[in-house]
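Let's take a walk through a protein model together. Keep the picture open while you read.

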Amino acid sequence: MIKLQVIGNLGKDCVTNNVNGKTVMNFTVAHTERFRDAQGNQKDKTIWVDCAYWSDRTGIAPYLRKGTQVYVEGNPEVRTFTKQDGTYGASLTLRVLTIQLLGGRPEGTGGGDYSGGNSSFAAPAAPKTQANSGGGGYNEPVDDLPF
């Protein structure tokens with residue numbers, strides 16, 4: 001099994017396309033890591049990950065805006081290509097299985113978890129639930145959210 005998890009900020013707004021009758025949301029996530037080089041200077045290294053989220057559940061698309069912090073998880077693919085000058089290049093692509101909005105609510109929007117496949121799906125407008133710790137085995141709405 002190979003899985004990639006990325007926390008970062010979107011580099012541009014999400015674009016939704018239809019490919020052969022299926023819906024795909026494409027976006028790019030940037031993860032910046034800070035480190036010190038051999039001379040003690042602080043450096044930044046940014047890795048860009050192209051993401052493709054194949055899902056008919058496009059309710060999250062309006063919330064995937066440039067600068068939004070997200071957590072994405074899925075299967076990585078490395079694509080190689082030939083540049084115009086004849087040299088080879090590579091790009092990292094992630095086939096997204098799960099996406100979660102992180103951070104605050106920009107411009108009054110909500111947050112939510114979105115999973116592909118047979119996993120549960122929570123739309124941003126749906127009330128969030130949590131398991132009752134009383135052992136009843138049922139879910140109850142959370143009325144006292146901090147955001």
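Across the protein, the mean pLDDT comes out at 77, with 70% of the residues reaching 70 or more. Strand β1 (residues 4-10) has the highest confidence, at 94, while strand β8 (residues 129-131) has the lowest, at a mean of 37.

Now find residues 108-143, where pLDDT stays under 50. The model does have 50 contacts beyond four places in sequence for that stretch. Still, where pLDDT is low, the predicted coordinates should not be read in detail.

## Strand β4 and its partners

Next up is β4, which covers residues 42-54. Which way does β4 pair with strand β3 (residues 22-36), parallel or antiparallel? The two pair in the antiparallel sense, over 13 bridges. If you want a spot to look at, Val 29 stands opposite Val 49 in β4. The β3 and β4 hairpin has five residues between its strands, and Gly 40 takes a positive phi near 90° there.

β4 also pairs with strand β6 (residues 88-101), this time in the parallel sense and over three bridges. Here you can look for Ala 52, which stands opposite Arg 95 in β6.

## A look at Ser 55

Ser 55 sits in the loop between β4 and β5 (69-82). Is Ser 55 buried or exposed? Its relative accessible area is 10%, so Ser 55 counts as buried, the cut-off being under 20%. Leaving out residues up to four places away in sequence, Ser 55 touches Thr 23 and Met 25.

Terms used:
Residues numbered from 1 in each chain as written. Predicted model: local features only at pLDDT ≥ 70, side-chain atom pairs only at ≥ 80, totals over all residues. Heavy atoms only, no water. Helix = DSSP H or I, 4+ residues; strand = E, 2+ residues; numbered from the N terminus. Buried < 20%, exposed > 50% of the residue type's maximum accessible area, 1.4 Å probe, protein only. Contact = heavy atoms within 4.5 Å. Pairing = 2+ DSSP bridges. pLDDT = per-residue confidence, 0-100.
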